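Dear colleague,

Please find below the structure that I am handing over to you. I would be grateful if you read the notes that follow with the structure open beside them.

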Amino acid sequence: MEMIRFEHPALLYALALLPLLLLVHYLSNRSIKKRLNRLADHPLHEKLAPSASLSRRNWKHVFFLISLSFLILAAANPQVGSRMEKAKRKGIDLVIALDVSNSMLAQDIKPNRLTNAKRAIDRLIGRLEGDRLGLVIFAGNAYSHLPITTDYSAAKMFVQSVSTDIVPTQGTAIGEAIEQSVSAFGEESENNRAIIVISDGENHEDNAVEMAEKAAEAGIVVHTIGMGSISGAPIPLSSRYGTERYKQDKTGNTVISQLNQEMLQEIARAGNGTYISANNTRAGVNKLFDEIREMEKHEFETRVYADYEDRFQYPLAIALLLILLEHLMYNRKSPWMRKIRLFEPAASLNSKEDKK
């Protein structure tokens, strides 16, 4: 099976302009019709402007939009992986367990805890070289969001797609997240393995320390990164009216979400790992990344596409053909069509006189 990719995928965002251009065309047609209606009733439009054709104008615009979309695809340069080969890599296996519970929306770290966690993961991915990465997300339950892979572009895309709405059950099941992360490595993994739990530490669901101990017994190091502050912050809730409101308890008091630093430190100790507080500076997180990079790396085999062939020629050819067709299509009715329309009323009058 061939692998398809785009050399310049960022250019594909230009496709979002097409609906806007379609809207502009629609509003332009509407304006033309309004002006004609002010001049005369609808039955007289063809006599006032016999050569005008809104349908032809519409078709020209359709050809233009389709050709523009193919030009954008050509500029992004679709490529096809033509040959796969086995490559030797050296690296570690790393799974990040990211807390996506509502408490991660607290704003004691600006703009909020979850956004800062995603930025930290993005920086980590930028420093990986030959390592394999997986992503587990958790709240009340844990799920594998990204299977372990060396495709860092895909990893960044998956990280950016994470939100608090992605997990249906609220809570903070760190123990289940560690268990799910261990499973994500797979039985065939022989590399040095590490788990990074990124959370505010408000664990209410299970025995996270016990799960960290089990991971350590299997030779997996469990690190933790604490997101938030000890003083804490309220948990903002989305409102359809745009008003700011916060989560409250049963008595009506605003819930303050605090960083449970002790819990995360205990998990890291049980997992033979390191605890870092992300509330201080970026230097602390960088220190943890350096420790991960210093882990002994094992060589493993992976299948990668060695050659990619450009395929921009095909969308470019289609775009040029459509541009040519659009150029050959008149905005106005062709002269012979106008003659037919001009003779139609006379012919109908003659037929009526003949009947009389």
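**Findings**

Asn-272 counts as exposed, because its relative accessibility is 57%. Please bear in mind throughout that this is a predicted model. Asn-272 is placed in the loop between helix 8 and strand 12, and its phi is positive, about 55°, although the residue is not a glycine.

A positive phi is also found at Asn-77, again a residue other than glycine, with a value near 60°. Asn-77 belongs to the loop between helix 3 and strand 2 (78-91). Is Asn-77 buried or exposed? With 6% relative accessibility, Asn-77 counts as buried, since the limit for that class is under 20%.

The loop between helix 8 (261-270) and strand 12 (275-277) also holds Thr-274. Beyond its neighbours within four places in sequence, Thr-274 is in contact with Val-222, His-223, Thr-224, Ala-268, Leu-288 and Glu-291. With Glu-291, the side chain of Thr-274 makes a polar contact of 2.8 Å. From Thr-274 to Lys-287 the C-alpha to C-alpha distance is 9.7 Å, and the two are 13 residues apart in sequence.

For the chain as a whole, the secondary structure consists of 11 helices and 13 strands. The chain has 356 residues, of which 39% are buried. It exposes about 20,900 Å², and carbon and sulfur atoms account for 55% of that area. Taking contacts between residues at least 6 apart in sequence, 82% join residues at least 24 apart.

I turn next to the interior. In soluble globular proteins, nonpolar side chains tend to be buried together. In this model the largest nonpolar core has 33 residues, and those with the most contacts inside it are Ile-96, Leu-98, Val-100, Leu-135, Ile-196 and Ile-198. At least two residues of this core come from each of strand 3 (93-99), helix 4 (113-127), strand 4 (132-138), helix 5 (152-160), strand 6 (193-199) and helix 9 (282-293). Which element gives the most to this core? Helix 4 does, with 5 residues.

Not counting residues up to four places away in sequence, Leu-135 touches Ile-96, Leu-98, Tyr-143, Ser-144, His-145, Leu-146, Val-159 and Val-162.

Two arrangements involve aromatic rings. The structure holds 1 aromatic pair. This pair is formed by Trp-59 and Phe-63 and is tilted, with 6.5 Å centre to centre and 50° between the planes. Trp-59 and Phe-63 are separated by about one helical turn, because they are 4 residues apart in helix 3 (residues 54-76). Trp-59 counts as exposed, because its relative accessibility is 52%, whereas Phe-63, at 18%, counts as buried. Elsewhere, the charged end of Arg-193 sits over the ring of Phe-185, at 5.7 Å from the ring centre.

One point of backbone geometry remains. The peptide bond from Lys-110 to Pro-111 is cis, and its omega is near -5°. Pro-111 is located in the loop between strand 3 and helix 4.

Yours sincerely,
A colleague

Notes
Residues numbered from 1 in each chain as written. Predicted model: local features only at pLDDT ≥ 70, side-chain atom pairs only at ≥ 80, totals over all residues. Heavy atoms only, no water. Core = buried A, V, L, I, M, F, W, Y, C linked by side-chain atoms within 4.5 Å. Buried < 20%, exposed > 50% of the residue type's maximum accessible area, 1.4 Å probe, protein only. Contact = heavy atoms within 4.5 Å. Polar contact = N/O pair within 3.5 Å; in protein donor to acceptor, adjacent residues only side chain to side chain. Areas by Shrake-Rupley, 256 points an atom, 1.4 Å probe, with all protein chains shown as cover. Phe/Tyr/Trp six-rings, centres within 6.5 Å; stacked < 30°, edge-to-face > 60°. Lys NZ or Arg CZ within 6 Å of the ring centre and 35° of its normal.
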